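I opened my notebook to look up a few things in a structure that was new to me. Come and read along.

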Amino acid sequence: MNCNFSKAMKRFNHLLSEIDATYHEMSLKLGLSDSAMIILYTICDNDDKNSCLLQDICHRSGLSKQTINSSLRQLESKGILYLEAITPKSKNVCLTDRGKQLANQTAGRVIQAENEIFASWPQEDVEKYLALTESFLLALRDKAKNL
């Protein structure tokens, strides 16, 4: 194994861990659990900023269904969101007015910070970063198939 690549992967993994830790700290500062932040973030990042399919939250969040359901129940009990049946097997997660305010004050601020960072970079750096990240993801998915 090439030692330089091993060092590069250690650095990469360290950076990913630090990014995750930073998102965790942001969630705590904004008074949310990580799972609640991820749910609100996913809804805010959706085209319809006030709702999102439950299956999309499951797919895009990386959280287990059990964690998502537990967090949804807590947010529902606080009047932040409600579930709306679309079909017998499909539900929409919808923000209440209180939930819209909370989402704007929490996940909305995180998204704004991320957008400000990308806006401060030259466009070619943003494109290169995204292209390299996507390339890594696709190659990793390919390798995962062969495990």
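My entries below go through pockets, cysteines and aromatic rings.

**Ground rules.** I am working with a predicted model, where local features need pLDDT of at least 70, side-chain atom pairs count only at pLDDT 80 or more, and totals for chains, interfaces and linings use all residues. Residues are numbered from 1 along each chain as its sequence is written, and side-chain values use heavy atoms, with hydrogens and water left out.

**Entry 1, the largest pocket.** I looked up its volume and found about 1,900 Å³. A pocket here is an open set of points on a 1 Å grid over the protein atoms alone, where a 1.4 Å probe fits, with protein on both sides within 12 Å along at least five of seven lines; lining residues have an atom within 4 Å of a point. The volume is the space filled by probe spheres set on the points, which are joined across faces, edges and corners.

I then asked which residues lie nearest its centre. They are Leu 16, Ile 19, Tyr 23, Tyr 129 and Thr 133, out of 36 lining residues. Helix H1 (3–29) gives the largest share of the lining, 12 residues. Helices (H or I, at least four residues) and strands (E, at least two) are DSSP runs, numbered from the N terminus. By class I noted 21 nonpolar, seven polar and eight charged residues; Asp, Glu, Lys and Arg count as charged, Ala, Val, Leu, Ile, Met, Phe, Trp, Tyr, Cys and Pro as nonpolar, and the others, Gly among them, as polar.

I searched the whole structure for disulfides (cysteine sulfur atoms within 2.5 Å) and found zero. For Cys 44 the nearest cysteine sulfur, that of Cys 52, is 10 Å away. Cys 44 is buried, at 10% relative accessible area; buried means under 20%, exposed over 50%, and partly exposed in between (1.4 Å probe, protein chains only). Cys 52 is buried too, at 1%.

**Entry 4, aromatic rings.** I counted four aromatic pairs, meaning rings of Phe, Tyr and Trp (its six-membered ring) with centres within 6.5 Å; planes under 30 degrees apart are stacked, over 60 edge-to-face and the rest tilted. Phe 118 and Tyr 129 are edge-to-face, because their planes stand at 75°, with centres 6.1 Å apart. Trp 121 and Tyr 129 are edge-to-face as well, at 5.6 Å and 80°. Phe 118, Trp 121 and Tyr 129 form one aromatic cluster.
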